[in-house]
Amino acid sequence: MTDVVALLGRTSDRASGRAGGARALAHALSADARVIGEPGEPRAARYDEDLRDARTTLEAAAVTVAVTRRPLLTATDCSICVGTVPAVARRWPDAWLLWLDAHGDFNTPDTTPSGFLGGMCLAGAVGLWDTGYGAGPGPERVVLVGGRDLDEAEDALMERHGVVRTEDPAAALAGREVFVHLDVDILDPTVMPGQLYPAPGGLDPDQLHDLLASVAARARIVGAEITCFSTPELSDVLAQAAAPLMESTAP
């Protein structure tokens, strides 16, 4: 059985409505979903300020991954990975990370053009810079799908550190333990509006479902997180697209 947990606390949220989206999606995925934390006010802060202020949320995220039987988290922002991904590595040392996102989130404090934690959280979570929360799988065990809006610097960092970029993640991850990060902007903004940084050319819900089903059929999904969802009226649509995560998440 998959345990669904909504983490409502703010990490680096710059858009309103995401706590409501995380809550609504969790309940669409499971009638028994648990809710942790209270929403914070969105604001444009620097990454170091957000790391400091999000400590309670990030620590709760790490504990949830550590103790939940089959974790599927919904959260307000991709920055939740700063807490979850290192916790995944501690619990499943051989796990890989499937990163489904229109963006790479692979900047560092030296390359970021904005200082936005959400644009550098993956690079921190895999150890390219020190977040204070530890590091998860190395970048060579990250599989990026859907990345179509990358900064030049993060594109170069991904190339240098061996991030796998493919449109066939099932083949790349066959036989492996996998934690899935799903940012809803993997979907095209015409079918999933309300994205903070919309990037045309994304998937439709059926394509996302098929992608997840193909990975689930060949890999062992140990957990997942879904982030940046701010349109609660589309909860059922997204829950149906993400159904393979509910059906196949392994203990």
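Visitor: Which residues touch the most other members of the largest nonpolar core?

Guide: In this predicted model, the largest nonpolar core has 80 residues, and L98, L100, V180, L208, I226, L238 and L245 touch the most other members.

Visitor: Take L238. What does L238 touch, leaving out residues up to four places away in sequence?

Guide: On that basis, L238 touches L25, V184, L187, M192, L208, I226 and F229. Two of these, L208 and I226, are also among the core residues with the most contacts to other members.

Visitor: L25 is on that list. Where are the buried residues of α1?

Guide: The buried residues of α1 are R18, A19, G21, A22, L25, A26 and L29. Seen down the helix axis, they fall within an arc of 160°, so they line one face of α1.

Visitor: What span should α1 have, and how far apart are its end C-alpha atoms?

Guide: Helix α1 covers residues 18-29, and at 1.5 Å a residue its 12 residues should span 16 Å. The end C-alpha atoms are 16 Å apart, which agrees.

Visitor: Now the sheet. In what order do the strands stand?

Guide: There are 8 strands in an open sheet, ordered β2-β1-β3-β8-β7-β4-β5-β6, with parallel pairing. Strands β2 (34-36) and β6 stand at the edges with a single partner strand each, so one side of each has no neighbour in the sheet.

Visitor: How many residues of β1 are buried, and on which sides?

Guide: Strand β1 (residues 3-7) is mostly covered, with 5 of its 5 residues buried. D3, V5 and L7 are on one side, while V4 and A6 are on the other.

Visitor: How many bridges does β1 make with β3 and with β2?

Guide: Strand β1 pairs in parallel with β3 (residues 71-75) over 5 bridges, and A6 has T74 as its bridge partner there. Another 3 bridges join β1 to β2, also in parallel, with L7 partnered by I36. Between β1 and β2 the chain crosses through α1, and this β-α-β crossover is right-handed.

Visitor: Which residues of β5 are buried on each side?

Guide: Both faces of β5 (residues 142-145) are covered: V142 and L144 are buried on one side, V143 and V145 on the other.

Visitor: What about β4 and β7?

Guide: Strands β4 and β7 (residues 177-183) pair in the parallel sense over 5 bridges. Within that pair, L100 stands opposite L182. L100 is also one of the core residues that touch the most other members.

Visitor: Changing topic to α3: which residues are buried, and which are exposed on the face turned away?

Guide: In α3, T57, L58, A61, A62, T64 and V65 are buried. They cover an arc of only 160° around the axis, which puts them on the same side of α3. The face turned away from that buried side carries the exposed residues T56 and V67.

Visitor: What covers the buried residues of α3?

Guide: The cover includes β1, β2, α2 (47-53), β3 and α4 (81-91).

Visitor: Last topic, backbone angles. What is the phi of D105, and is D105 buried or exposed?

Guide: D105 has a positive phi of about 50° although it is not a glycine. This residue lies in the loop between β4 (96-100) and α5 (121-125). D105 is buried, because its relative accessible area is 7% and buried means under 20%.

Visitor: And C228, what is its phi and where does it lie?

Guide: C228 is not a glycine, yet its phi is positive at about 70°. C228 lies in the loop between β8 (220-227) and α9 (235-241), and at 7% relative accessibility it counts as buried.

Methods: Residues numbered from 1 in each chain as written. Predicted model: local features only at pLDDT ≥ 70, side-chain atom pairs only at ≥ 80, totals over all residues. Heavy atoms only, no water. Helix = DSSP H or I, 4+ residues; strand = E, 2+ residues; numbered from the N terminus. Buried < 20%, exposed > 50% of the residue type's maximum accessible area, 1.4 Å probe, protein only. Core = buried A, V, L, I, M, F, W, Y, C linked by side-chain atoms within 4.5 Å. Contact = heavy atoms within 4.5 Å. Expected span 1.5 Å × (residues − 1). Arc of directions from axis to C-beta. Pairing = 2+ DSSP bridges. Right-handed = clockwise from strand over helix to strand, strands pointing away.
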